[in-house]
Amino acid sequence: MDLAHRLFTQKKFNEASQQISTLLEKTSGNNKKIVKLKSHLALCDYMKTGCTQPEEYLETLNGIAKQFSKDLTTADLGYVIYNQAIVNYQLKRYQRAATQLESLRKNVGSLDPYLGFEATYLLLKLSIENNHISQSNELISLIENQFFQTNTKNNQKNSGLQTRNQNKNRQRLLMLKIKLSLCCSEHNKAELFLNQLQEIKNRNLQQQKENQIEKLNGKELLKENLCLNMMRCKIENSKMNLEEAKNNLWGLSKMVGNLKTEERDQSEFWSSFYNNLGCVELKNNKPGSALFYFKKALLANSQICKNEKTVNNFSKDKRSEIMYNTGLCLILLEKPQNAFQFFQGALVCLYNRPKVWIRLAECCLLEHFRLIKDKEQVGSLNRLVKKVIGQGQSRTVILQTGIGPNDGLNIHEESVSFEDIVSSNVGDLQFHGIPVQSMSLDYASKAASNSILISEKLLKIINNQNQKTSTTSNNNKNSKIDENNKTQKNEFKNGNDNKNENGIEKQKNKEKTNINHTNLNALKNGKTNIDLDNLSKNDQSLKQDLEHGLLLLSYISLCCQNPVTALSSAKMLLNYNPDPYREYLANIYAAEACCLLNNPNLAKEYISQTLQKRRYQVEKLFKGPKNLKIMSPKEYESDWSDCVTLLNLAFVLILQNDIQTASEYIKQASRMFPNSPLVLLSCVYLELSNGNNQNALELLKSCHAFYPLENSQK
Amino acid sequence: MNSFLQLEELTKLQKLLHDQSTPFQNLGRKVTQNFSNEQHFSVCSVLTIMLRDDLLPGEERIVALYLLLHLSPLGSELKTDEKQKQQQDSKNKKKQLLSVALPPFLPVLLNIAQNSQKFNETQFEAFFVTIGLSDPNSDLFKQRPNQIGVNNIERLKKYFPESSKIDLQVIFTKFSQIESEIPLVNKMGIGSSVPDPEKGKESKKNVEDLIQYQFNTNEFKPPFVRPSPSILQILDNELIWIDYEDETLLPIWDQSITNVKSNNDQFKNLLKKAFTSQLSQPEQQQIILRLENEPKLLEDSEITPNKVKDLAEKNPIISFEILKRFSEDEEKINRYLESFIQTKVTLHSMEVINKLSGVVKKLNQEFLNRFVSNCISSCREIKDKYVQGRHVRLVCAFIRSLMNNSQLDVKSMYTELQSFCVNFSRIRDASNLFRLIKNQMK
């Protein structure tokens, strides 16, 4: 066996494989030994192919685990399970990897310490990447207690190699601690850990120089250095020291740029360098410049994809992440169509992030606004009069009517041809195989539903973890933890993990199922089952995602003439106690849905909710980037919310045939915004419905900007 | 989706409307020939707009009304009705009509016909529509439009059916029933065209434009203002920073064959150490954890009964954990417990047996009696009064615990226990124990 191991470390995989096969033939009865030999054999075969056949390797490992799961414990199958997890991790099947590692964590006491550390470390890494803060903290204390504290006394007895490994592991753990601190926006803590790490590295270097043993080669040293300094830039960026972050990044690029040509296989560095530089620029409100860098990052990243199709290269491919950043950039540059394509590309790996779905829905909405705005400007005289036809006694005015279902973006998706899918151009960049679906309101509503579903799921997991933490302080902690683990496991099992594994088709089906699920269960009731009061600061953004998803769904459903979903999602949002801005909008959407559902009394109740809080100032409450021209400028004006409430109340009163009170409200609105087309339209309607055509025309003519008769015949 | 008629098609329709010398029925056939079934809805829409906005002269309005009647699906309902009228009584007819969905353009015709229901005989168009609705095959429609003339009600009167072939009242009831179900929002719309006559300029109509704009415009309603949701603010942590990693994670070679061996060795060494010296708490935990996960380790660890007794003195918790695992095998546990009798009773040995009594269902009674006897004897052997007193208190507590766990058969040891309590009656714990024993004996 030792010989086989030696051959394996010398990368003589064929010979190692032969050696193990011979041993396997001679072995019988001892299951533990058979498992080890078989997993070694599978590993050699996998390495022989240059890690290009991960599925076959996983299949073999699965077979081994299944065959011996009855006779052997999880601890006995530890290496098999860990290797499955690591390949899944590299294939970006994070949820599956997490479930496998979780089973090892439960048995960490009986695992061999080397495997125990590696499994817990990888789980921690995953947990930080998924922003599971409380779980990450638990894992850090587990690693520190299990692998570092108890061994301190024995350190002196350990061999030099073991000490060095432990030293290395401490450094790896410190790096994860920095990442976790940054997730929690604890910059000082991150800086402290980084300085500790730097100190350890300097001391090691000094020792290596003094003892002249096992020096790291130049390439490894450079990589370590780059990694550390990139983290420093991340901290600076997180602290909003943007200039410093930028300068440091450029410093790193010079360091790599000065390398000899043969050492410059650094696509991985350049892709992260340009991406991070783009992040700094975008934070600095320079979306144009950021877009330039993100495109460069994508180009550098495409070099990684061009390399051999190994699992390792696949895990280094950060296309989804860069595409997501590019999409954000394009939203700020008011190019929703292009942004939509990039977010679709980002979905491939980031499908379980609610924000990607929110951004996709927002792209559709922005495009919808743009089309409506274009329609208002092109081919029509103004926002009140659509056309003046005829002359003399026969002159007739055609009034503008509201936005109908055929205005703006199509409700239903258009079918996308195969050519569209395989060669979608985004600016001067061309991507292959990105599933580009057409923008539609229907797609937007699906995307919003998915964002709701995912954020709900994640919040449930956090709820469970919070429960777990609180029960740990009680005496009966063990049973509770098991329950929670089971719940988590089920959550993961039911999650979207398959999407990445089974391709886009399954993803689409899953999306549809998700939407059905959301519509049928939660939305029908308009009730919530998650406790959102005890969320930590870090989890608040998830709550925001959930609320925003519901708000988008409600709005889009109204655009799609689907008042039932609009009402139920608005009700659900109101149950979550959203911030005043979302509460205000949810009440308006619910009221409109009630009107469409022929229930003006309930609509009035919802509008009264906004009336009670009439001091909403939309300008102050507006949360989004204000510089988007696509959005109506009215939406930022103070007092506009009051005017909206009055007009909508008048609308409901007209429905109830209370024209007199309605006209009083419209007059009030007219005093606030005399030139608003919406206010004028309400006034004109009142006059026309009373048969006062002349008054209506005078109202239109009183505001020349909306009745340019001189140009009517052009 | 219904698209608006092309200019040529609109001209074709206008030509038909102009034609006053072709009988109505022939005009109906022509409209069916010139326009496909898909275009019928658009044709009807255009005719409705023309009628509503008064875009046609009187004689053309009559043709438009006829075409609308002809293209209205209710016309075909009525035709079928007539064929079957001999077989069906009027009651059935009413029932049948109530179950029929009304065509979309019927309201336009009914609104006009309603005037005739009010017996307003000056309403020429109302008469015309009523005849059309009541009897689509009336002889009236064999006439040419110019034969009938405009507003000549007298000419129409002779075609007015004496008894309506269809009960219009049923249709009106159905119409009002449907109308009541239409959401208020859909009913609040009004026409979007407003006549704005201009003085002093030559009148110029642009019928095509008017029709086109009307066709493509919804009804005019007051606005319900729906502010759009804002774009979610891009938070600092939303941008994805890519960490440059210096480590490559790969599957690992299972080196645990040697490690397992060394782990087992480590366990054995730790156990060996436990026989001779007290272990630290983490060391004790390590042994317990290994025992929990791999109970089979005990089989290879060469533990003997005497060793367990020694272990109880140095590390009672480990000794208890081992005995607990042996307790399933009665013979084995008895063998191991025997060693506790053969040596002197100590505080630690009492602790181990006490703990064991809490987890094992029933300890061997003979062993317990002998062990308790030993405990009692050990009290007597101590000369130092202070130490003796302490030891007695411990033995009392031990016996009480055994009794609480229903392990000790008091009857079989009554005499011995009684004499122990009496001997040490100066110690309160012993007298308390005595009372307890007496109570139990009762």
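Me: How many helices and how many strands are there in chain B?
Reply: The model is a predicted one, and the elements are read from it as runs of helix or strand. Counted in this way, chain B has one strand, and its number of helices is 23.

Me: Among contacts in chain B between residues at least 6 apart in sequence, what percentage join residues at least 24 apart?
Reply: The contacts considered in chain B are those between residues at least 6 apart in sequence. Of these, the share that joins residues at least 24 apart is 71%.

Me: At what angle do helix α17 of chain B and helix α19 of chain B pack, and which residues of α19(B) make the contact?
Reply: Helix α17(B), residues 316-326, and helix α19(B), residues 347-359, have their axes 9 Å apart and pack at an angle of about 40 degrees. From α17(B) the contact takes P316(B), I317(B), S319(B), F320(B), L323(B) and K324(B). The residues that α19(B) brings are H348(B), E351(B), V352(B), K355(B), L356(B) and V359(B).

Me: Why are helix α23 of chain A and helix α25 of chain A described as roughly parallel?
Reply: Helix α23(A), residues 540-559, and helix α25(A), residues 580-596, pack with their axes 10 Å apart and at an angle of about 30 degrees. Angles under 35 degrees count as roughly parallel, so the term for α23(A) and α25(A) is roughly parallel.

Me: What distance should helix α13 of chain A span, at 1.5 Å a residue?
Reply: Helix α13(A) covers residues 267-283, which is 17 residues. Its end C-alpha atoms are 24 Å apart, and this agrees with the span it should have, 24 Å.

Me: Is T396(A) buried or exposed?
Reply: T396(A) lies in strand β2 of chain A, residues 396-399, and among the residues it touches are V388(A), I389(A), V194(B) and L210(B). Its relative accessible area is 10%, and the limit is under 20%, so T396(A) is buried.

Terms used
Residues are numbered from 1 along each chain as its sequence is written. Chains are lettered from A and ligands numbered from 1 in the order in which they are written. This is a predicted model: local features need pLDDT of at least 70, side-chain atom pairs count only at pLDDT 80 or more; totals for chains, interfaces and linings use all residues. Side-chain values use heavy atoms; hydrogens and water are left out. Axes are lines fitted to C-alpha atoms, for helices over the stretch in contact, and angles run from 0 to 180 degrees between N-to-C directions. Helices (H or I, at least four residues) and strands (E, at least two) are DSSP runs, numbered from the N terminus. Angles under 35 degrees count as roughly parallel, over 145 as roughly antiparallel, 65 to 115 as roughly perpendicular and the rest as oblique. Contact means heavy atoms within 4.5 Å. The expected span of a helix is 1.5 Å times one less than its number of residues. Buried means under 20% relative accessible area, exposed over 50%, partly exposed in between (1.4 Å probe, protein chains only). Lists of a residue's contacts leave out its neighbours within four places in sequence.
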